Amino acid sequence: MILFIYGTGGAGIEVYDLAIRNNKLNKKYSAIYFIDDFLDEIDYYGTKTIHFTSCKEYMKNEDAEFIIAVGEPAARKKLFDKVKLAGYSLAILIDKTAIISDTAKISEGCVINAYAIVSSEVVVKENCFVMFQAIIGHHAFIENNCVICPKATVGGHSRVGMQTFLGLGSSMIQGVNIGNQAIVGLGSMVFRNVEDGTTVIGNPARLTKGNSEHKVFVNSNNSK
């Protein structure tokens, strides 16, 4: 089986490193390639980067799985939908050092990186990216296409809406509802519900204006 990692930026190489670590143990993949539609098809980071339209050439004799490796939630959704529309399967990548409860449910397309904790009765929906040392408390519900940055903490019985971004080191108390397409800034402390499509920053987290395009990363393209 082949693994295609869609994205060649910082998130992409982190996911590649995770896939290599796992593959040393389970030998699941015969090859691991990057996809980037904005770069030439060249050798990159110890493997190859190809275009999405070239994938079929590499899949003539083998099955394949895909994983999205970008940090912008909207871009994650766009690429996930593109892969699904083409009829391809999505992988689940979980680092061997992550602690995942037997009662947690991790959906297709998710990445759980090193030393993350996913606690009891948690649900993580499709295509979420849980980064290093992030913590998701018991009974939390994480909707599709979310990004939870390193050392962010989701309190128990909380909900994180679709395409939401929780910044580096941010925290939320138990039972908070973070709306769809929300952004929680790095280091922010969330003590109350956050509405759909808003950005909050600070301790306590407060609504901030600006960012009319509602992007986490300025000038990012869809494969980084």
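This is a predicted model: local features need pLDDT of at least 70, side-chain atom pairs count only at pLDDT 80 or more; totals for chains, interfaces and linings use all residues.
Phe34 stands opposite Thr49 in β4.

Strand β1, residues 2-6, runs parallel to β2, and five bridges join them. Leu3 in this pairing stands opposite Ile32 in β2.

How covered is strand β2? Mostly: β2 spans residues 31-35, and five of its five residues are buried. Look at the side chains. In a regular strand they alternate between the two faces of the sheet. In β2, Ala31, Tyr33 and Ile35 point one way. Ile32 and Phe34 point the other way. Both sets are buried.

Next, the whole sheet. It is open, has six strands, and its order is β3-β4-β2-β1-β5-β6. The pairing is mixed. Which strands stand at the edges? They are β3 (43-44) and β6 (89-90). Each has a single partner strand, so one side of each is left without a neighbour in the sheet.

On to the helix. β1, α1 and β2 make a right-handed β-α-β unit. Helix α1 covers residues 10-26, and Val15 is found in it. Is Val15 buried or exposed? Val15 is buried, because its relative accessible area is 0%, under the 20% cut-off. What does Val15 touch? Leaving aside residues up to four places away in sequence, the contacts of Val15 are Ile5, Ile67, Ala69, Leu93, Val111 and Phe129. Back to Phe34 for a moment. Val15 and Phe34 are 19 residues apart in sequence, and their C-alpha atoms are 10 Å apart in space.

Lys27 is not a glycine, yet its phi is positive, about 50 degrees. Lys27 counts as exposed, because its relative accessibility is 62%.

Inside the order, strand β12 (residues 123-124) and strand β15 (residues 141-142) run parallel, joined by two bridges. Val124 has Ile142 in β15 as its bridge partner.

His139 is partly exposed, because its relative accessible area is 39%.

One more backbone point. Most residues other than glycine have a negative phi, and most peptide bonds are trans. Where is the cis bond? A cis peptide bond joins Asn203 and Pro204, with omega about 0 degrees. Pro204 sits in the loop between β24 (199-201) and β25 (206-208).

About 30 Å³ of space lies in the largest cavity. Its lining consists of Thr153, Leu166, Ser170, Ser171, Met172, Ile178, Val184 and Val190. By class, that lining has five nonpolar, three polar and no charged residues.

How values were computed
Residues are numbered from 1 along each chain as its sequence is written. Side-chain values use heavy atoms; hydrogens and water are left out. On a 1 Å grid over the protein atoms alone, a cavity is a set of points where a 1.4 Å probe fits but cannot get out, and a pocket is an open set with protein on both sides within 12 Å along at least five of seven lines; lining residues have an atom within 4 Å of a point. Grid points are joined across faces, edges and corners, and a volume is the space filled by probe spheres set on the points. Ala, Val, Leu, Ile, Met, Phe, Trp, Tyr, Cys and Pro count as nonpolar, Asp, Glu, Lys and Arg as charged, and the others, Gly among them, as polar. Helices (H or I, at least four residues) and strands (E, at least two) are DSSP runs, numbered from the N terminus. Buried means under 20% relative accessible area, exposed over 50%, partly exposed in between (1.4 Å probe, protein chains only). Contact means heavy atoms within 4.5 Å. Two strands pair if DSSP finds at least two bridges between them. A crossover is right-handed if, with the strands pointing away from the viewer, the path from the first strand over the helix to the second runs clockwise.
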